[in-house]
Amino acid sequence: MDNLSTKYGETRQPVGLGDDNALVEIFASNATGSWTITVTKAGGPTCLVASGRAFEKTDRLSVTGKSI
């Protein structure tokens, strides 16, 4: 995960547990808008699930411009 920090300026954001106690992590950069989602299986490897751009930190969920 050091690469995400040094190369893309991403820091760890929310985390949670998924199926089979897999650790789901979101890394993102408020400065560049890049983001990455990884999943680490218990005692196993870390896999990159998705990455992209235009990350926006928000406290509200919005669907088609309407806050919910």
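Ala28 stands opposite Trp35 in strand E3. Ala28 itself is found in strand E2, and this report starts from that pair of residues in what is a predicted model. The pairing between E2, residues 23-28, and E3, residues 35-40, is antiparallel and runs over six bridges.

**Ala28 and its surroundings**

Ala28 counts as buried, because its relative accessibility is 1% and the limit for that class is under 20%. Residues up to four places away in sequence set aside, Ala28 touches Gly9, Glu10, Thr11, Gln13, Ser34, Trp35 and Phe55. Arg12 lies 16 residues from Ala28 along the chain, and the C-alpha atoms of the two are separated by 6.6 Å.

**The sheet**

E2 and E3 belong to an open sheet of four strands, arranged in the order E1-E2-E3-E4 with antiparallel pairing. Strand E1 (11-17) and strand E4 (46-52) have a single partner strand each and stand at the edges, so one side of each is left without a neighbour in the sheet. On average, and with direction ignored, neighbouring strands of this sheet are turned by 20 degrees against each other. Strands of a sheet pair through backbone hydrogen bonds, in either a parallel or an antiparallel manner.

Between E1 and E2 the pairing is antiparallel over five bridges. Within this pair, Arg12 stands opposite Phe27 in E2.

**The E1-E2 hairpin and its turn**

E1 and E2 form a hairpin, with five residues between the two strands. Asp20 is found in the loop between E1 and E2, and Asn21 is found in the loop between E1 and E2 as well. Asp20 has a phi near 55 degrees, a positive value in a residue other than glycine. Asn21, which is not a glycine either, has a positive phi of about 60 degrees. Asp20 is exposed, at a relative accessible area of 73%. Asn21 is exposed too, with a relative accessible area of 55%.

The structure has one salt bridge. In it the side chains of Arg12 and Glu25 meet at 2.9 Å, N to O. Arg12 lies in strand E1 and Glu25 in strand E2, so the pair ties together parts that are 13 residues apart in sequence.

**Ser34 and the E2-E3 loop**

Ser34 has its place in the loop between E2 and E3. At 12% relative accessibility, Ser34 counts as buried. Its side chain takes part in polar contacts with the side chains of Glu10 and Thr32. Neighbours within four places in sequence left aside, Ser34 is in contact with Tyr8, Glu10, Phe27, Ala28, Ser29, Gly52, Arg53 and Phe55. Glu10 and Phe55 are also among the residues that Ala28 touches.

The side-chain pairs described in this report are listed below.

| Side-chain pair | Type | Distance |
|---|---|---|
| Arg12 and Glu25 | salt bridge | 2.9 Å, N to O |
| Ser34 and Glu10 | polar contact | 2.7 Å |
| Ser34 and Thr32 | polar contact | 3.3 Å |

**The chain as a whole**

The secondary structure of the protein chain comes to one helix and six strands. Read along the sequence, these elements follow the pattern α-β-β-β-β-β-β. Of the contacts in the chain with a separation of 6 or more, 15% are between residues 24 or more positions apart.

Notes
Residues numbered from 1 in each chain as written. Predicted model: local features only at pLDDT ≥ 70, side-chain atom pairs only at ≥ 80, totals over all residues. Heavy atoms only, no water. Pairing = 2+ DSSP bridges. Axes fitted to C-alpha atoms, helices over the stretch in contact; angles between N-to-C directions. Salt bridge = Lys/Arg side-chain N within 4 Å of Asp/Glu carboxyl O. Contact = heavy atoms within 4.5 Å. Buried < 20%, exposed > 50% of the residue type's maximum accessible area, 1.4 Å probe, protein only. Polar contact = N/O pair within 3.5 Å; in protein donor to acceptor, adjacent residues only side chain to side chain.
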